[in-house]
Amino acid sequence: MAELYTTLARASTANVSDVLDSMGVVEPAIRSMVPGCRFVGRAFTVKAYAGSILTVHKALFEASPGDVLVVDGEGASGAGALMGEIMALECQVKGFAAAVIDGAVRDVVGLVEQGFPVFARAATPRVGTNRRLGQTQVPVSCGSVVVRPGDLVMGDDDGVVIIPRDRKEGLSTALEALWAIDARLIL
């Protein structure tokens, strides 16, 4: 696994998308709120109700360093933010790799200043509510891609790619082969 992480640290989401035949690419509406950030980590999945931040709070207690919070917020961009500057700071302090949210976030200026990788469908000033508790560590849909706990998640300014657990093997070799082909084309 260490070799794969080392290889992915050199790769772009475009490279991984090419190797995975464009499978696992999250809808482009889910974009970086903090330009220039890159990440790779294990998916810690969160099934939240639209605009209800309660399940994201729960995930902050359960996830581990290196995890990426992948939040299925039902794609709701107007229902209230599922994360803001304070929650992102908590993610950063706890050593999480990133947060990918199929919903809205807030405090974008603070997120940029903080530098923690947050990807989301939209930004809104509206705060989320704490009315309904969803589930953690269950399969979710994020940007029309099924994400399971333990899948790898990678993001950069081009977008987010989900690498299913059963596609990890051979990925480093495939990326090295892609780079060898690209090198010949560029020269």
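Colleague: Where is Val109 found, and what makes Val109 count as exposed?
Modeller: Val109 is found in helix α5 (residues 108–114), where helices are DSSP runs of H or I with at least four residues, strands are runs of E with at least two, and both are numbered from the N terminus. Exposed means over 50% relative accessible area, buried under 20%, and partly exposed in between (1.4 Å probe, protein chains only); Val109 has 61% relative accessibility, so Val109 counts as exposed. This is a predicted model, in which local features need pLDDT of at least 70 and side-chain atom pairs count only at pLDDT 80 or more, while totals for chains, interfaces and linings use all residues. Residues are numbered from 1 along each chain as its sequence is written, and side-chain values use heavy atoms, with hydrogens and water left out.

Colleague: How do you know that the buried residues of α1 line one face of the helix?
Modeller: In α1 (residues 2–10), the residues Leu4, Thr7 and Leu8 are buried. Seen down the axis, the buried residues of α1 fall within an arc of 100°, so they line one face; the arc is that of the directions from the helix axis to the C-beta atoms. The face turned away from the buried side of α1 carries the exposed residues Ala2, Thr6, Ala9 and Arg10.

Colleague: Why is the pair of Phe39 and Phe119 called edge-to-face?
Modeller: Rings of Phe, Tyr and Trp (its six-membered ring) pair if their centres lie within 6.5 Å, and planes under 30 degrees apart count as stacked, over 60 as edge-to-face and the rest as tilted. By this rule the count comes to one aromatic pair. The ring centres of Phe39 and Phe119 are 5.3 Å apart and their planes stand at 70°, so the pair is edge-to-face. This pair links distant parts of the chain, with Phe39 in strand β2 (residues 39–47) and Phe119 in strand β5 (residues 118–123), 80 residues apart.

Colleague: What makes Phe39 and Phe119 count as buried?
Modeller: Phe39 has 7% relative accessibility and therefore counts as buried, and Phe119, with a relative accessible area of 0%, is buried as well.

Colleague: How do you know that Arg132 lies over the face of Tyr49?
Modeller: A charge sits over a ring if NZ of Lys or CZ of Arg is within 6 Å of the ring centre and within 35 degrees of the ring normal. Arg132 lies over the face of Tyr49 at 3.7 Å from the ring centre, and Lys94 lies over the face of Phe61 at 4.9 Å from the ring centre.
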